[in-house]
Amino acid sequence: MSISATRDPAGGQEIGIVEAHGRRPQATAEALVAEFRSRVAMLGGDFGRIDDFATRHELRTESRDYECGGFETQMQTQSVVATGPDGSTAVTTEAVPVTTYVAKTCTEERQVEDATLTLVGRAFRTAKGSP
Amino acid sequence: MTRMTRVALVLGILLPACATVNAEHVLTGTPGPPFAGDVKIVIEGSPVSAPYQEVAIVTATGQGAQALLPAILGALQSEAARLGCNAVIRVRYDRGKVSATATGVGVRMESQGAAAPR
């Protein structure tokens, strides 16, 4: 199948309008033209004329969660039992620093721009491709 | 920090890091040896002054600092020159907030003389 962006086929019969679009850069120009070709073929055409190509840009906000926890130190009380030389016991309470990891989830937002390329054209059947 | 401030900060940090321009093509004709001269740009809607042979659809997309007309048209011209084109016709330029795209048809125009091999 032939594809042209500048001319109609000589003596070709126009059989329909065709469109192909895809988000870039995931959809390459090659893939979009392949999609255009397959749509021409679905209409029974053997020549595709691309009349227009346009890219539409759209901003969207993308967010992602990530772990942003950290170590925190807090004072905790602890009791210590001490046994004296005479066998007596004494309980003392003291404050000691204790460090622990505190898990936390943060959300980051960023704006991402999507570009969608659209090809619009016509499908033709040429004498060469007629049954 | 407001949501808008955070978004602006992230944009400010990320955009310079991903300032790129990418070009690609799809052959619709026969490419030739690379063209070493200046590739003419003909914007969509402008008349094409000479007979030509279609070679490929060419497209270039720039992001961040590269989302500027000179960088994108330059990439379009380079891509076309690689295919032996001396002009890109029907050039359409579409601009977004942080990226821009130019698409056109790479051709060999007869009036500009034969492609000079590199």
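The model is predicted, so local features are given only at pLDDT of at least 70 and side-chain atom pairs only at pLDDT 80 or more, while totals for chains, interfaces and linings use all residues. Residues are numbered from 1 along each chain as its sequence is written, with chains lettered from A and ligands numbered from 1 in the order in which they are written.

**Where the chains touch**

- Contact, which requires C-beta atoms placed from the backbone to lie within 7 Å, links 21 residues of chain A with 25 residues of chain B.
- On the chain A side, β1 (2-4), α1 (29-42), β3 (47-67) and β6 (105-125) each supply at least two residues; helices (H or I, at least four residues) and strands (E, at least two) are DSSP runs, numbered from the N terminus.
- The element that gives the most to this side of chain A is β6(A), with six residues.

**Helix α1 of chain A**

- The buried residues of α1(A) include Ala29(A), Leu32(A), Val33(A), Phe36(A) and Val40(A), where buried means that 20 or more other C-beta atoms lie within 10 Å of the residue's own, against 12 or fewer for exposed and values in between for partly exposed, with C-beta atoms placed from the backbone.
- These residues lie on the same side of α1(A), because they cover an arc of only 100° around the axis, the arc being that of the directions from the helix axis to the C-beta atoms.
- Their cover includes β1, β2 (13-24), β3 and β6 of chain A, together with β1 (21-27) and β3 (52-63) of chain B.
- Gly44(A), which follows α1(A), has a positive phi near 90°.

**Chain B and its strands**

- Chain B has two helices and five strands, arranged along the sequence as α-β-β-β-α-β-β.
- Of the 118 residues in chain B, 42% are buried.
- Strand β5(B) (residues 99-109) is largely enclosed by the rest of the structure, because 11 of its 11 residues are buried.
- β5(B) pairs in the antiparallel sense with β3(B) over 11 bridges, pairing being assigned if DSSP finds at least two bridges between two strands.
- β5(B) also runs antiparallel to β4(B) (residues 87-95), to which seven bridges join it, and these two strands form a hairpin with three residues between them.
- Gly106(B) in β5(B) is the bridge partner of Ala56(B) and also of Val88(B).

Methods: Contact = placed C-beta atoms within 7 Å.
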